[in-house]
Amino acid sequence: MLSKSQINLLKSLQHKKDRIEHGLFLVEGSKSVIEFINSPYQVEAIYHTASFASKMLNLSQKINLYNISVTEIEKISSLKTPQQVIALVKIPAWPPLNNAKLKQKFSLVLDGIQDPGNMGTIIRTADWFGIDHIICSDDTVDAYNPKVVQASMGSLSRINVHYADLEKVLPQINLPLFGAMLNGESIYGTNFGNEGLIAMGNEGNGLRPEIEKLINRAITIPRKGKAESLNVAIATALFCAEINRN
C-alpha cells in the first residue's frame with residue numbers, strides 16, 4: 001500500500017514545476033514502461049497491479065517494485081482509463097549540445113510548440129525516421145508532460161530532447177538551418193544534403209521573427225487545396241520523410 005506522501009508525490013508530477021523540483025516523471029502503460037526499462041533512462045520504481053506482476057519477474061536491472069491496488073493506480077494516474085503499470089523515471093541531465101553530436105545527420109528544432117499531442121507525435125515521428133536530437137525553445141511544451149509521454153508511445157526513451165535559448169544556441173551550431181515557412185522554396189525540389197537542422201514553428205504563429213532571421217533556407221510544403229494551415233506534427237513528418245528520401 002502506498003503512503004499518502006507517496007501518492008501526493010506521484011500525483012504532483014503531473015505539474016511541470018514539481019517534475020523540475022524532483023527531477024522525476026511518470027510513464028504509463030506496459031509498452032512504454034518496457035521501452036524505458038530497456039533504455040538509458042534510469043527507472044526509479046514501478047507501480048503495478050497484481051494482474052501485471054508476472055511481467056515484472058524478468059527485469060534485467062534492479063528496480064523498486066510496488067504491487068498496488070487498482071484504486072491506488074487510479075489515484076496516481078493522469079489517464080481517464082488508467083493502465084496496469086506506471087513507472088517513475090528520472091529526468092536525464094543531457095550533456096551540452098555540440099557540433100560533433102549533430103554532424104552528418106539531421107536534427108529537429110521546435111520553436112514554441114504548445115500542444116502536448118503534437119509534441120508527442122513529433123517525438124514518435126523523429127524516432128521512426130532515425131532522428132535522435134530535438135532542440136526546443138524554452139517555451140516549448142515540456143517533453144515529460146504526461147500527455148507528451150503518452151503520445152510518444154515509448155519513443156521518448158530513444159530521443160534526446162534539449163531545451164535552450166534558440167537565439168543563442170542556433171548561431172553556435174555550424175550546420176544549415178532549414179525553416180518550415182509559408183513562403184519559401186518547395187520541399188519537393190529542395191536538396192537538403194546530408195546534414196542540417198529543420199526548424200518547425202508554433203501551431204498558430206509559425207517561427208518567431210528572431211528565429212526566422214537565422215534561417216539559411218526557407219522551405220514550404222506547397223498547398224493544393226484550401227486549408228488555411230497544416231498541423232505542425234504532420235508537417236514535421238513530411239519534412240522527415242523528405243530529408244530521408246534525398
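Modeller: Let's look at helix H6 (residues 116-128) and H10, whose axes come within 9 Å and cross at roughly 15°. Here helices are DSSP runs of H or I with at least four residues, strands are E runs of at least two, and both are numbered from the N terminus. Axes are lines fitted to C-alpha atoms over the stretch in contact, with angles from 0 to 180 degrees between N-to-C directions. That crossing makes H6 roughly parallel to H10 (angles under 35 degrees count as roughly parallel, over 145 as roughly antiparallel, 65 to 115 as roughly perpendicular and the rest as oblique). The crossing of the two is right-handed, meaning the near helix is turned clockwise from the far one by less than a right angle.

Before the side chains, a word on the model: it's predicted, local features need pLDDT of at least 70, side-chain atom pairs count only at pLDDT 80 or more, and totals for chains, interfaces and linings use all residues. Residues are numbered from 1 along each chain as its sequence is written, and side-chain values use heavy atoms, leaving out hydrogens and water.

So who touches whom? From H6, Asn118, Thr121, Ile122 and Thr125 meet Val232, Ala233, Thr236, Ala237 and Cys240 of H10, contact meaning heavy atoms within 4.5 Å. Sorted by class, that contact has five nonpolar, four polar and no charged residues (Ala, Val, Leu, Ile, Met, Phe, Trp, Tyr, Cys and Pro count as nonpolar, Asp, Glu, Lys and Arg as charged, and the others, Gly among them, as polar).
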